[in-house]
Amino acid sequence: LIERIDGDVSLLANFLSRFVVQVLGNLLLLVGILVLLFRVHWLVGTTFTALAVLTLAVLSRVQGFAASRYVVTRQASATLFGFLEERLSGAEDIRSANAVSYTVRRLLVQMRELLRKERSARFVGTVMGNTLNVAFVLVTAAAFILGAALYHAGTITLGTAYLIFNYTQLLRSPIDQINRHVSDLQHATAGIARIRELLDTRSALGDEAMRCASERSETVDGGIGRRDGPLAVELDHVTFGYDPGETVLHDICLSLPAGKVLGVVGRTGSGKTTIARLLFRLYDPTAGAVRLDGIDVRDVPRAELTRRVGMITQEVQLFQGTVRDNLALFDRTIADGTILAALYDLGLTSWYRSLAKGLDTPLSGGNGLSAGEAQLLAFVRVFLKDAGLVILDEATARLDPATEALLERAVSKLLEGRTGIIVAHRLGTLRRADDVLVLEQGRVVEQGDRTSLAGDGASRYAGLLRSGAEVVA
């Protein structure tokens, strides 16, 4: 992505900044030489005009053949730089896993692939240069043959014959320059193709949302966008897979009343996080429907959905800026008093007082913050918007017990007066849940009141609790 936005665009900008002036200048020079040859003799002008047009046509065909190879070369270059960026960022993990040799071998494979594709592209460029040389051999031969024939016929003088030869040699400069620009055009064409591909990329979610917003705006405006308070959640026979032919969720049915808290449990890979993503509409279900307050999320404008649904994961993204910027996500309409009130309501006043410059404390991509402090920021972000549904996706999985205890009041306050869905591996975090949903391999195997399921020794949930207790013991 960076290679396309930065590398391809910069290459295209440099090319266009000089292409028009230089190509037009050389075309004017070429036309001027041909006009002078026509003035010498119509047969001479016609012959060399035909040769010039034929040469440019052949070079254009070769250029079209080469453009595809330059596209592949640019893609290989982008892949190599992406590989380097990821491995440099993960250098510590690579060393700790003793994977340096493996990573270096992968780097060599990437570099070898780039070299192979660059050789192919350069070979085509060499073919273009040799094509130009062959063309001028023919032009020079034609100049000698025509000059000699017209001189012996008495049509022209010896000086005019030399003039024809000299003019034909002048043809090489503009055609050669145009050929060089065509070579640059190969790179630019490859960049244009990659940039156009990026610009033509559309979200699979966008078109339907726009259509629904325009066709059923009255229904949407009367739904989650205007009504405050908790949202009811419904999954109606939802089936979903990330890739064609893959099914992660199988015919999931769920009904969660407004204001209730649901705990979602299951082994790794059972589909817990996938349900959270569907509710936030990061994806659309393959079959079935996801509804909030009875309205399909595909019928809700994206801005309203993100305002009314808040999600906190264990991976919190922080940005270069101040604490204020990271809490309000650069929204200058949120007053400092509102932010401070949210910190107080969530019981985070002592944490705020520990900041050196308060809300003006600078952050640089999260540097200097622990995982717990980053989670605190994420809780405040959700609290600052009017969310009717809060999704906690393993939000406390990476926290130490002391920090987790600090977040307990924050979680309780955040869920107060809201519908909540808690996705958890650590079953202790579900004690505030009203109901529990147990998933296994993308299917609902159990659903019901948490207290009742915990007291039923034969239930799957009780079995998970026993397993957790054994692990702790």
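Phe 280 sits in the loop between H8 and S4. Helices (H or I, at least four residues) and strands (E, at least two) are DSSP runs, numbered from the N terminus. This is a predicted model: local features need pLDDT of at least 70, side-chain atom pairs count only at pLDDT 80 or more, and totals for chains, interfaces and linings use all residues. Residues are numbered from 1 along each chain as its sequence is written, and side-chain values use heavy atoms, with hydrogens and water left out.

Is Phe 280 buried or exposed? Phe 280 counts as buried, at 18% relative accessibility. Buried means under 20% relative accessible area, exposed means over 50%, and partly exposed lies in between (1.4 Å probe, protein chains only). Leaving aside neighbours within four places in sequence, Phe 280 is in contact with Leu 305, Thr 306, Val 309 and Met 311. Contact means heavy atoms within 4.5 Å. Phe 280 and Leu 389 are 109 residues apart in sequence, yet their C-alpha atoms are 9.7 Å apart in space.

## The four-stranded sheet

Four strands form an open sheet in the order S2-S1-S4-S5, with antiparallel pairing. Two strands pair if DSSP finds at least two bridges between them. Strand S2 (249–256) and strand S5 (295–296) stand at the edges. Each has a single partner strand, so one side of each is left without a neighbour in the sheet.

S1 and S4 pair in the antiparallel sense over five bridges. Thr 239 stands opposite Ala 287 in S4. H8 packs on the sheet and touches S1, S2 and S4. The direction of H8 makes about 115° with that of S1. Axes here are lines fitted to C-alpha atoms, for helices over the stretch in contact, and angles run from 0 to 180 degrees between N-to-C directions.

## Aromatic pairs

How many aromatic pairs are there? The count comes to five aromatic pairs. Rings of Phe, Tyr and Trp (its six-membered ring) pair if their centres lie within 6.5 Å; planes under 30 degrees apart count as stacked, over 60 as edge-to-face and the rest as tilted. One of the pairs is Phe 144 with Phe 165, which is tilted, at 5.0 Å centre to centre and 40° between the planes. Phe 144 lies in helix H4 (residues 100–152) and Phe 165 in helix H5 (residues 158–199), so the pair ties together parts that are 21 residues apart in sequence. Phe 144 is exposed, at 53% relative accessibility. Phe 165 is partly exposed, at 26%.

Phe 240 and Tyr 283 form another tilted pair, 5.5 Å centre to centre with 55° between the planes. Phe 240 is in strand S1 (residues 233–240), while Tyr 283 is in the loop between helix H8 (272–279) and strand S4 (287–292), 43 residues apart. Phe 240 is buried, at 3% relative accessibility. Tyr 283 is partly exposed, with a relative accessible area of 34%. Together with Tyr 242, Phe 240 and Tyr 283 form one aromatic cluster.

## Two nonpolar cores

A nonpolar core is a set of buried Ala, Val, Leu, Ile, Met, Phe, Trp, Tyr and Cys residues joined through side-chain atoms within 4.5 Å. The largest has 44 residues. Those with the most contacts inside it are Val 265, Leu 327, Phe 379, Val 380, Leu 392 and Leu 414. Several elements each supply at least two residues of this core, including strand S3 (261–266), helix H10 (323–328), helix H14 (401–415) and helix H16 (460–472). H13 gives the most, with eight residues.

Leu 392 touches Ile 312, Phe 379, Val 411, Leu 414, Ile 421, Ile 422 and Val 423, not counting residues up to four places away in sequence. A second, separate core has 29 residues, among them Val 233, Leu 279, Val 290 and Val 309.

## Helix H13

Eleven of the 13 residues of H13 are buried, so this helix is largely enclosed by the rest of the structure. The buried residues include Gly 372, Gln 375, Phe 379, Val 380 and Arg 381. At 1.5 Å a residue, H13 should span 18 Å. The expected span is 1.5 Å times one less than the number of residues. The end C-alpha atoms of H13 are 19 Å apart, which agrees.

Asp 251 is not a glycine, yet has a positive phi of about 50°. Asp 251 lies in strand S2 and is partly exposed, with a relative accessible area of 43%.

Leu 329 also has a positive phi of about 50° although it is not a glycine. Leu 329 is in the loop between H10 and H11. Its relative accessible area of 44% makes Leu 329 partly exposed.
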